[in-house]
Amino acid sequence: TPVAFENGASLTLHCPDGIGSLYLIFDLEYGPFTVTDPDTGKTATFGEHRFLHEFADLEEVFGYPPVRVTVTFGSGAGALNELRVFTPGTVPESVQIWETPRDGETDIVLFSTHGDDEQLFFAGLLPYYAAERDVQVQVVYLTDHRNLTNVRCHEMLNGLWAVGVRSYPVFGSYPDLLTQSANQTRLLFQGRGIAEEEVLGFVVEQLRRFHPLVAVGHDLQGEYGHGQHMFYADLLTRAVQISNDPTRFPESAEVYGVWDVPKTYLHLYPENEIFLDWDQPLSAFDGMTAFQVTQQLGYPCHETQYWDFAWYLSYADSAASIRNYSPCEYGLYRSTVGPDVNRDDFLENLQTHAQRIAEEEAARLAAEEEARRLEEARLEAERLQEEERLRQEEIQRQQEQERLELQQEAAAQEQLRRRTLTMWSLAGVLTVLLLLGAAVALLDRRKNI
């Protein structure tokens, strides 16, 4: 039962053992609210994503578990259905810590008309792909049922969490109507001022927003004949044809870009049929099959609807035993990656976004490693070149030194030669002078004789 509060309302909580976290369930999407530790003055803001079920990890944000906190609701009036306060430590598995949808990186988008269709006619799909295969799965509902009740949105969240979905769903705001045909749905929508083109734009926007590798929709015959199932399935078949055209619904194209969905499957589509085995045990659920997870954990969360469809799901022994509107049977409505060969996996012929990102990251790291190797090789080459340059310079220096030494030796030898010549010249002059002197003396002696 929701408790209403006014804008600016607050409440103070006190726990001597410390408050590790808070879990708030709003009646309708609310908005940001603040949590303050009055003892230290520290404040943290939560609720920016407007989840119905909000988890506030105070110990992580504050760095310690405060003993007392004040919660202040400053985003307008609202209503709170439930508030849980946890001491430090691990919270129960039932506490829903939702992840924001993975825009541009979603592998499978399931277009479920109502809350419970994802657990009934698509039984097994969510636990197998979201939990066991750990691929990015996004659920997009046509209606939030709020023209009738607020309760079913909470059932939808509880059911998704129970089967392993962690990406917060998209709740379409369109009314829940019981119709017998797609055309009747169109007419009733028009009577409420909702143009078919608007709803088509909603579907196109989801394809562009999430870039799904696989889009999965209802049976074109509406499974048991529900007109809104027919309407939603028909819109999906048209949306995948135009989501890559920027001239159609240009507003969403400007925000998200365009996207051509590689594969589109419809439940019970009679062409290019595939069969999904939901009766194999899953390690993610301790050996329960994907069907059992949906049957025993997911669908029972839809308490307001449980007995309406107990005939379809609750009494079946296995997914394969369901003959009417089998949750195992699909057809490949459209493909840009060729036909299925094994016909047992939505993701056949596809690389998930995580695989692509990992491959791109590996390629980036490999490119960085190659660039590093080339840079090291370049630096090594430069080092060797520098060593060679220095070696050549040393050789040139040595050669120059040898040349200078040879020049010096040659100069010394030249100087010695010149000195020798000078000495010989002087010796010659002296010899001549001596000879002349001797001759003069001899002449003088002869004269005296």
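This is a predicted model: local features need pLDDT of at least 70, side-chain atom pairs count only at pLDDT 80 or more; totals for chains, interfaces and linings use all residues.
β3 and β6 form an antiparallel pair held over five bridges. Two strands count as paired when DSSP finds at least two bridges between them. Helices (H or I, at least four residues) and strands (E, at least two) are DSSP runs, numbered from the N terminus.

Residues are numbered from 1 along each chain as its sequence is written, and side-chain values use heavy atoms, with hydrogens and water left out.

Strands of a sheet pair through backbone hydrogen bonds, either parallel or antiparallel. Four strands make an open sheet here, ordered β1-β8-β3-β6, with antiparallel pairing. β1 (3–5) and β6 (53–57) are at the edges with a single partner strand each, so one side of each has no neighbour in the sheet. From one strand to the next, the twist averages 40°. Helix α4 packs on this sheet and touches β3, β6 and β8 (78–86). Contact means heavy atoms within 4.5 Å. The direction of α4 makes about 55° with that of β6. Axes are lines fitted to C-alpha atoms, for helices over the stretch in contact, and angles run from 0 to 180 degrees between N-to-C directions.

**Strand pairs**

Three further pairings are set out below.

| Pair | Sense | Bridges | Opposite residues |
|---|---|---|---|
| β2 (9–14) and β7 (68–73) | antiparallel | six | A9 and F73 |
| β4 (33–36) and β7 | antiparallel | three | T34 and T72 |
| β10 (137–143) and β11 | parallel | three | Y141 and F171 |

**The seven-stranded sheet**

A second open sheet has seven strands. Its order is β11-β10-β9-β12-β13-β15-β14, and its pairing is mixed. β11 (170–174) and β14 (273–275) are the edge strands, and each pairs on one side only. Here the twist averages 25° from one strand to the next. α4 lies across β10 and β11 and runs at about 160° to β10.

**Two helices in contact**

How do α5 and α7 lie to each other? Helix α5 (residues 182–191) and helix α7 (residues 227–242) pack at about 90°, and their axes are 7 Å apart. They are therefore roughly perpendicular. Angles under 35 degrees count as roughly parallel, over 145 as roughly antiparallel, 65 to 115 as roughly perpendicular and the rest as oblique. From α5, the residues A182, T185, R186 and F189 take part. They meet G227, Q228, M230, F231, D234 and R238 in α7. This contact has four nonpolar, three polar and three charged residues. Ala, Val, Leu, Ile, Met, Phe, Trp, Tyr, Cys and Pro count as nonpolar, Asp, Glu, Lys and Arg as charged, and the others, Gly among them, as polar.

**The largest pocket**

The largest pocket holds about 340 Å³ of space. On a 1 Å grid over the protein atoms alone, a pocket is an open set of points where a 1.4 Å probe fits, with protein on both sides within 12 Å along at least five of seven lines. Lining residues have an atom within 4 Å of a point. The volume is the space filled by probe spheres set on the points, which are joined across faces, edges and corners.

The lining has 16 residues, and E93, S94, W161, A162 and R166 lie nearest the centre. β3 (21–26) and α4 (151–162) are the elements that give two or more residues to this lining. α4 gives the most, with three. By class, the lining residues divide into seven nonpolar, five polar and four charged.
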